[in-house]
Amino acid sequence: MAGPLLATKLHVPRRRPGWVARRRLVERLGRSRDAALTLLSAPAGFGKTTLLTDWLATAPGGRSTAWLSLDARDDDPVLFWTYLVTALDAAVPGVGARALALLQSAEPPVEAVLATVLNDLGAVPDDVVLVLDDFHVIEAAPIEEGMTFLLEHLPPRLHLVIATRADPALPLARWRVRGELVELRAADLRFTPEEAAAYLGEVLGPVLTAADVAALEERTEGWIAALQLAALSLQGRDDVAGFIAGFAGDDRYVLDYLAEEVLQRQPAPVREFLLRTSVLGRLTGPLCDAVTGQDGGRATLEALDRGNLFLVPLDDRRRWYRYHHLFADVLQAHLRDEQPDAVPALHRRAADWFERAGDRAEAVSHALAAGDVARAADLVELALPALRRSRQEVTLSRWLAALPDEVVRARPVLSVGYASALMVRGEVAGVEARLRDAERWLAAGGDPEMVVVDEAAFRALPSAIAVYRAGQALVREDVAGTMAHARRALELAGEDDAVGRGAASALLALAYWRTGDLDAAHRWYAAGAAELERAGHLSDVLGCAIALADIRLAQGRLSDAVDTYEHGLRLSTSAGGPALRGAADMHVGLSEVLRERDDRAAARRHLETSAELGEHVGLPQHRYRSRVAAARLRQADGDLAGAVELLEEAERCYAGDFFPDVRPVAAVRARVEVARGNLGWALGWARQRGLSVDDDPGYLREFEHLTLVRVLLARPDAERDLAGVARLLDRLLRAAEEGQRTGSVIEVLVLQTLLAQARGASPAAPAPLRRALSLAEPEGFVRLFADEGRPLAALLRSVADRGDVRAHARRVLAALDGTGSVRPARPGLVDPLSSRELDVLRLLASDLDGPGIARELFVSLNTVRTHTKAVYAKLGVNNRRAAVRRAAELGLTARDPGHRSPPSAVRDR
């Protein structure tokens, strides 16, 4: 954080002595146990906070309360969620510990943070009430979106209460219709005549007649703040009736009049104290002494508290307070009218005190309020590293926007900080101007008009500027520019700048990756990861691990990819606390390698472990990568419809980043659609992507072109494209061999084998298949062959009993068979049934209907229907009874051993 978290914001205000019990409202609040949200929405001065305090103090035990008092500074997503989770953790120790760790790592999605909190709360046996007071200060759309997610997924024992001056931008109508919303508004919160009489009698005693009480209640319309001010002003008066008759008009004039009356009745020192300290959002004795220039601030605050003078305690030790918001507004208005020249000096003193106390955020706010932009800019520059680490870009942007542009331009560190904030927000267009501002000062050297506060940051500017230029070039897909700027950054970075060197190395690796030079990409990524590990940025190291393993997979080095993922897992748990963000991605990666080696049981276990850790322990790519991994596992199991469902999910939650998208989700889906016979979808995809056999096959589209070959070979009129396909495969093979991408070489050789078969070549296995098996065997590639299905089976059988590749050919055939042993094709079937189709066939012979079969197999009814159609087509029948009869004739009714449904963790994804 740019400043410490304030424990006072998490304090439940204590119950005021003599407060009127409002049983009707407390009872309504009691019904919030059955609602997701309780909303208290009314203007200032209607007693929202006091009512909540009374309710919490009188409610039955057996529940925990988390309280958060909000202010304008909390309109920053990172700060808001940190406070909210801290409040819950304070109420129920241990709840939110993992979420707080996530918030301190690099840019977690808010849904991931909230998911961990909700999971923790789901295990809590007692009710938890979360109160957000003064929610009207929150305007940031990401916070409102997160609140909607929170409310939509509340566990039964968590109840949210919001007190606000205006309705929040949440789907209240939806929850109102569901009966999940309890509302109290201004009309409900106004004092009834009986409550007004009880309150005035408690405060003033028997000095008011019934007529006086009725007149006050009528004039104030039950507005609690006005009644409280009236009671303070009436104390000690003789002419009560005359005073009551002396004010009229709308609420604003009533309040102004009464506040003025209360102020005029205070002793001069107290009145001066109230005015001068009104510039403070929170008050404590030493701070008040510093601002007023007087001693005795703590004693004055305690006296005001005892006198009920609109002072709200913020802790139980009577150290911190704040003024009631309405009263503070009135005090500030009087201060501006009476002592306008004093206001800047008061804010400057407050800024001094907060800076000494280590709260730079409050210091910046007061410096800005004082109009001391130079001081504010100094403080912002010093706060930059903490703001970046805690990802408070919203706060940084707000501060920078509050500074005059000429002040920012005179400070090169702030100019680059501004560029950083723009890059994070995706506003790349404005970055270059800020970088040039900083460069002008660097070129000028010791110019007296240049201002630098953070000397270490200033020394690192040349390298930082080059890094941001490299990032801009990468966004523009300018590979040469990325390389040039990244190399320049490395030349300029000091040996102790591990983060800067790590960032530059990673950007250089990304540029090489895009060109297909995987050796260089891996070398630079490894260097960057080592620097980041040295700096302790372990979650960033895990992000590098994903890239390093992806590169090794393309190079055909499965064992090296496994080593990379396992190193990442060791790092993720080395701190001894919760698994670092990125740990879930390591398990997904291991699952992919194990699936390729056809160790599907182990692959499922890693996916299950990843799911147990939760998506919050994944990097931004995790949501789509985990679904792709699960889809490919379903494809290996023969559940092609289920694979497509998961790939559709993956496309919806795809998170783009700086990584080149070398295996687009849509291309993965096109391969599955070809396997399930949905050639129309696959052809539409190829047209939409503008793919052709005459294309120049660059590395970035290599996977798509290999997919195009599969689509064209599957066409009924494939003969017309075979010559073009052959030429394309030749070009792809040359490019893969030159780039030393052995994984791609194996895949091209497999496709050349299928092409030879389509051309009517000899049934003996062609040379490409033998070479592919020879390259695949050392690293254990299996699914790359087996996913081609029946067309490759006959050719594999031709080498399964002879030659130096026979052992691996048998292993692939076992994977094709799905049982762990080589099995001849069943007589009478041109296209053998997949393992999942055999499951469906077995249940077609039972008494189960379609929904029953779906429940038995843990799949959707649409998936069952898809499999049933495939079974009918392969058996040459058109109804269930005929399918069962034909299956009996072929000996297919009994379920083959070794076929198991996937475990629930994968099945339910």
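Which backbone nitrogen does the side chain of Thr-164 reach? In this predicted model, local features need pLDDT of at least 70 and side-chain atom pairs count only at pLDDT 80 or more, whereas totals for chains, interfaces and linings use all residues. Residues are numbered from 1 along each chain as its sequence is written, and side-chain values use heavy atoms, with hydrogens and water left out.

The side chain of Thr-164 reaches the backbone nitrogen of His-136 at 3.3 Å. A polar contact is a pair of N or O atoms within 3.5 Å; within protein, one must be able to donate a hydrogen and the other to accept it, and residues adjacent in sequence count only if both atoms are side-chain atoms. Thr-164 lies in strand E4; helices (H or I, at least four residues) and strands (E, at least two) are DSSP runs, numbered from the N terminus. Thr-164 is buried, with a relative accessible area of 1%; buried means under 20% relative accessible area, exposed over 50%, and partly exposed in between (1.4 Å probe, protein chains only). Leaving aside neighbours within four places in sequence, Thr-164 is in contact with residues including Leu-39, Ser-41, Lys-48 and Phe-135, where contact means heavy atoms within 4.5 Å.

An open sheet of 5 strands has the order E2-E3-E4-E1-E5, with parallel pairing; two strands pair if DSSP finds at least two bridges between them. At the edges are E2 (63-69) and E5 (181-185), each pairing on one side only. E2 and E3 (residues 127-133) run parallel and are joined by 7 bridges. Trp-67 has Val-131 of E3 as its bridge partner.

Helix H2 (residues 48-58) lies across E1, E2, E3, E4 and E5, running at about 160° to E2. The axes of H2 and helix H1 (residues 23-30) come within 10 Å and cross at roughly 70°. Axes are lines fitted to C-alpha atoms, for helices over the stretch in contact, and angles run from 0 to 180 degrees between N-to-C directions. H1 and H2 are therefore roughly perpendicular to each other, a term for angles of 65 to 115 degrees. Among the residues making this contact are Leu-25 and Leu-29 of H1 and Leu-51 and Trp-55 of H2.

Elsewhere in the chain, 10 of the 11 residues of helix H36 (residues 665-675) are buried, so H36 is largely enclosed by the rest of the structure. The buried residues include Val-665, Arg-669 and Glu-673. Their cover includes helices H34 (622-636), H35 (640-652), H37 (679-688), H38 (702-714) and H40 (742-758). H36 is followed by Gly-677, whose phi is positive, near 85°.

Note on methods. Angles under 35 degrees count as roughly parallel, over 145 as roughly antiparallel, 65 to 115 as roughly perpendicular and the rest as oblique.
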